[in-house]
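Hi,

Here is the structure for you to look at. My notes on its aromatic rings follow below.

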Amino acid sequence: MLRQDSQVTRPLHLLPFTLHSDYSPSGDQGPAIEKLVKSIEAGNPHQTLLGVTGSGKTFTAANIIERVGKPTLVMSHNKTLAAQLYSELKNFFPDHAVEYFVSYFDYYQPEAYIPRSDTYIEKDSSINEEIERLRLSTMGSLITREDVIVVASVSCIYGLGSPEDYQNMMLPVKVGDELDREDFLTGLVSLMFERNDIAFSRGQFRVRGDVVEVHPAYLEDTAIRVEFFGDEIERISQINALTGTRMDTLDSHTFFPAKQFVTDKNKLNTAIRAIKKEATERVAWFEKNDKLIEAQRIRMRTDFDIEMMQEMGFCQGIENYSRHLTGREPGARPYTLLDFFPDDYLLLMDESHVSVPQVGGMYEGDKSRKTTLVDHGFRLPSALDNRPLKFNEFMQMTRQRVYISATPGPFEFINSRPDNKKFIPWKRGELSAAQALKKIRQGITPSGADQGIDDFDVHTAGAHLIVEQIIRPTGLIDPVITLKPLKGQIDETIDMCRDRVDRCERVLITTLTKKTAEDLSEYIQETGLKVRYIHADVSAIERVEILRALRNAEVDVLVGINLLREGLDLPEVSLVCILDADKEGFLRNETSLIQTAGRAARHINGECVLFCDVVTDSIQALLNITEHRRSRQLAHNETHGITPQSVVRAVQESLSHYEANKESSEDFNQGMVAEDQASYNAVQVISELEEEMREAAAKLEFERAAHLRDQIKQLKRS
């Protein structure tokens, strides 16, 4: 059943997910799957999969999903990695509903106010229609199916409409039903569909006599044709949205809302009355405190939004009234995607050492921005209830969790125990993961006084459900860790780079500052090596191009700071040099060192060189972990007669040819005499690029889509 506060019920039973793969679990994958499945079936709320880079953690996760048989939410900390997971899981489970739910904004500038300069920044955004379709498809699948796997980013903890309203707004039709055509059209409008008899697209319908064609927002190229004979539905067909060709005949179909925020008319009227009441009280409070400008602001904003909702059923920023629209009490948590899941579902948190803190940090940042808007009359106080979940709310809404990471944080280590009834929020920065694990092994559990947290249970130490997956299917072992003194680290690094380049291998170098990265790149370039730098000031598209150039041997050495970590797949890299490795801090802590060293774990000659004069606790932790892993990996290879092999993966196609296309089109335009004709050609190029951008977005190739979008903007400006 769905959670009780959503008041939506449906039966739930364990469904057999069918995993399609040419491979079977190997190395540590089999034991890891068995242990984690047993733990989940025993009802344990927390378990951790500590899997090294390249050990096939996604395949292990897919096997867990198949064995457990519960609807599953897979969380990732960014869109790109989420898209990769979505693609892999969709291939593993082609017979089931594998959905993708991330932020649908290509560009998002949140509404904000800066009191010091009296600057109001209006909300501005660009919605990716393909991702919006996938989000609506996710909501529909969770309402109607149980064999659902959702790959989501942290956007799943942000407010959505009520699942009860979403389900109640569904419009089912069946062949032979008595239904007046006008009532059907009215129902479509209430679902936020728009009528368009000329340019038919998603979220719209068109009418041709007794034939109504509807293009659901959650379907890509398919529309539904409903044919009437008087007041009776005579035929329902599935058609090609572009050509109108009938593809299939249906007995029935259910239409879902075309928007994510929907509410029925009675609830909307009730909400408008509540908004008017709150606005009146807020205006009175401002006037009482002699804040007349703020009073005028909130009165004008609220009156305009109410008028839009009454006339259109929607207004810009309607999510800020979500508390009234869903009938929640002040301070109550918002409805989110998690409410669409049944009570008993499984959560997998990929790269948990990043994902967990990310979830924990969303609420305070959102609250700070909106409090300023409320205090200065740009929003009603109820806008504060349009927020992401607090961390404890998120934990209450997720019953069973599997944390997946090569470097789990203290939170995962402390909570992955079978006797936990309530999670222990570990204070950030208190201990490193290695120190936390050491305390666990010593039988020491932190107390509330130690952490300054009053409300949590303290447990005695016991067996912890931390499952290691160390053996890689390729037989590769962790890179060798070498320590070298700081003196002469630059010259030593250059010599090692030359040696690797002579062997057609690539090198990564990490520094502490952007300035150092740029200066070092310039210095290395003078030695004749092909080098580039990469840091936060380098655009996302340029980063993709630089990484592609590195893999394609157009660049031999890449210098960076903190970008060379999670999710960076560079099989050609055999050497990682970490400069100033003993400068303990965020960039040189245990997690950063392990993740950075892991970039050399996909090459048979992998080595990580740390330049340091002092062996810090983080360096020692890296040495200990690497020694432990290498000993097990070498023993496994020797026992089973495995010869390690480097990872081989195709190089991503360059995006630079789009630049060439643009330049050639510009040269062509310069040769034109007629201004009108030149303008026409620019429009044609823009149209072609827009089509390619939509295709890239549909394939979840976000870097390519963003690159094309930038090209379109540049062409429009020229």
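Buried means under 20% relative accessible area, exposed over 50%, and partly exposed in between (1.4 Å probe, protein chains only). This is a predicted model, where local features need pLDDT of at least 70, side-chain atom pairs count only at pLDDT 80 or more, and totals for chains, interfaces and linings use all residues. Numbering starts from 1 along each chain as its sequence is written, and side-chain values use heavy atoms, without hydrogens and water.

There are 12 aromatic pairs in the structure. Rings of Phe, Tyr and Trp (its six-membered ring) pair if their centres lie within 6.5 Å; planes under 30 degrees apart are stacked, over 60 edge-to-face, and the rest tilted.

Take Phe184 and Phe255. Their ring centres are 5.9 Å apart and their planes at 55 degrees, so this pair is tilted. Phe184 is in helix H6 (residues 181–190) and Phe255 in strand S16 (residues 252–255), so the pair ties together parts 71 residues apart in sequence. Helices (H or I, at least four residues) and strands (E, at least two) are DSSP runs, numbered from the N terminus. Phe184 is buried at 1% relative accessibility. Phe255 is buried too, at 0%.

Next, Trp285 and Phe286. With centres 5.4 Å apart and planes at 70 degrees, this pair is edge-to-face. Trp285 is partly exposed at 38%, whereas Phe286 is buried at 0%.

The charged end of Arg282 sits over the Trp285 ring, 4.8 Å from its centre. That term needs NZ of Lys or CZ of Arg within 6 Å of the ring centre and within 35 degrees of the ring normal.

Best wishes
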